[in-house]
Structure formats: C-alpha cells, structure tokens
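I opened my notebook to look over this fold from the whole chain down to single residues. Here is what I looked up, in the order I went.

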Amino acid sequence: MDTSSYLRVVRASAWYDLVTTIGFVTPWTFAAFLAGMDALSGLLGMPQRVPAFEPAHMLMVNLLGSLVVVWAVLRLRDTQVLYGRYDAVARFLFATWQLYALAHGAHPLIWAFVVFEFVFGVAEALPVRNQGVK
C-alpha cells in the first residue's frame, strides 16, 4: 500500500474510534449509549439485555473513552505511519480482550466491534511503500 492510501486508513480508523467512543467519555453520554445498545439488542431479537454498570465500571469506561477520543483526535490532526502502527497493536489487543469477554458471556453485540478492530488492525499492519512521507 502506498503512504497516502495508508494514511487514509489511519484517518478512517481515527474517525471510527471518535464516532464509536465519544459516547463513552461521560457517565451521561454512556448511559445514553447503553440505552441505545439495549434498544438495538431488542430490535435484533436478542434475548440478552445490556448489563447495568456500577460506578467503578463507569469510571473504567469513561477513562477508556477519554483516552481513545484523545488518541483519535491526535491521529486526525497529525496523521503518521508510526501512529498507524501503534494503533494496529492497540486494535489487536482490544480485539483479544473483546474475544475474551465474548468467550465469558459478554453481550453478542460486541462482535461488531471485534470485526472493526480486526479489519482496521490488519489494514494498519500492512506494509507501506514510501514511508519517508509523514
């Protein structure tokens, strides 16, 4: 893949992260996100409800959301091949822990996130020609 195409992938992954995790940043936005996930689960006919979160769980979600949003904004404002490489590693880690959660009974809607993590992780791990460009 050439550098300009690769950087487009890095920006696309950053936009995906921003859109999917902006709702994780505050307890109020995450409550709305959970309600939406629960409604989607019902529309899809899934019998499993989205679980309620305790304050300690909410804290972890809000910390994660804050970090991912800042990381996404950095990749949008200063897109670099190096950042794409780090992001690929993070995506494989995220996918691993999401698969672990699914294996231990997590809500099946998490599969959608696993797919995106894996696809963007593979795309950001591909070789890049002309890496001299930022």
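**Entry 1: confidence and ground rules**

I began with pLDDT, which is the predictor's confidence in each residue, on a scale from 0 to 100. I noted that this is a predicted model, where local features need pLDDT of at least 70 and side-chain atom pairs count only at pLDDT 80 or more, while totals for chains, interfaces and linings use all residues. I also kept in mind that residues are numbered from 1 along each chain as its sequence is written, and that side-chain values use heavy atoms, with hydrogens and water left out.

I found a mean pLDDT of 94 for the protein, with 97% of the residues scoring at least 70. Among the helices, I saw confidence at its lowest in helix 2, with a mean of 92, and at its highest in helix 4, at 98.

**Entry 2: the overall fold**

I took helices (H or I, at least four residues) and strands (E, at least two) as DSSP runs, numbered from the N terminus. I counted five helices and zero strands, so from the N terminus the order reads α-α-α-α-α by that definition. I fitted a box along the principal axes, and the C-alpha atoms fill roughly 50 × 25 × 25 Å.

For burial I used relative accessible area: buried is under 20%, exposed is over 50%, and partly exposed lies in between (1.4 Å probe, protein chains only). I got 36% buried out of the 134 residues. I then turned to contacts, meaning heavy atoms within 4.5 Å. Of those with a separation of 6 or more, 77% are between residues 24 or more positions apart.

**Entry 3: the largest pocket**

I searched on a 1 Å grid over the protein atoms alone; a pocket is an open set of points where a 1.4 Å probe fits, with protein on both sides within 12 Å along at least five of seven lines, and lining residues have an atom within 4 Å of a point. Grid points are joined across faces, edges and corners, and the volume is the space filled by probe spheres set on the points.

I read a volume of about 980 Å³ for the largest pocket. I listed 34 lining residues, with Phe-24, Val-61, Leu-64, Gln-98 and Ile-110 nearest the centre. Two or more lining residues come from each of helix 1, helix 2 (27-43), helix 3 (55-77), helix 4 (81-103) and helix 5 (110-125). Helix 4 gives the most, with seven residues.

I sorted the lining into 23 nonpolar, seven polar and four charged residues. For this, Ala, Val, Leu, Ile, Met, Phe, Trp, Tyr, Cys and Pro count as nonpolar, Asp, Glu, Lys and Arg as charged, and the others, Gly among them, as polar.

I looked at Glu-117 in helix 5, which counts as buried because its relative accessibility is 7%. I found its side chain joined to that of Arg-91 by a polar contact of 3.0 Å. Beyond neighbours within four places in sequence, Glu-117 touches Tyr-16, Arg-91, Phe-94, Ala-95 and Gln-98.

I then checked Thr-3 in helix 1 (residues 3-21); its relative accessibility is 4%, so Thr-3 is buried. A polar atom of the Thr-3 side chain lies 2.5 Å from the backbone oxygen of Arg-129.

**Entry 4: a loop residue**

Which residues does His-107 contact, leaving aside its neighbours within four places in sequence? I listed Ser-41, Met-46, Gln-48, Arg-49, Val-50 and Leu-102. His-107 is in the loop between helix 4 and helix 5, and is buried because its relative accessible area is 8%. I noted 9.0 Å between the C-alpha atoms of His-107 and Ser-41, which are 66 residues apart along the chain.

Conventions. Polar contact = N/O pair within 3.5 Å; in protein donor to acceptor, adjacent residues only side chain to side chain.
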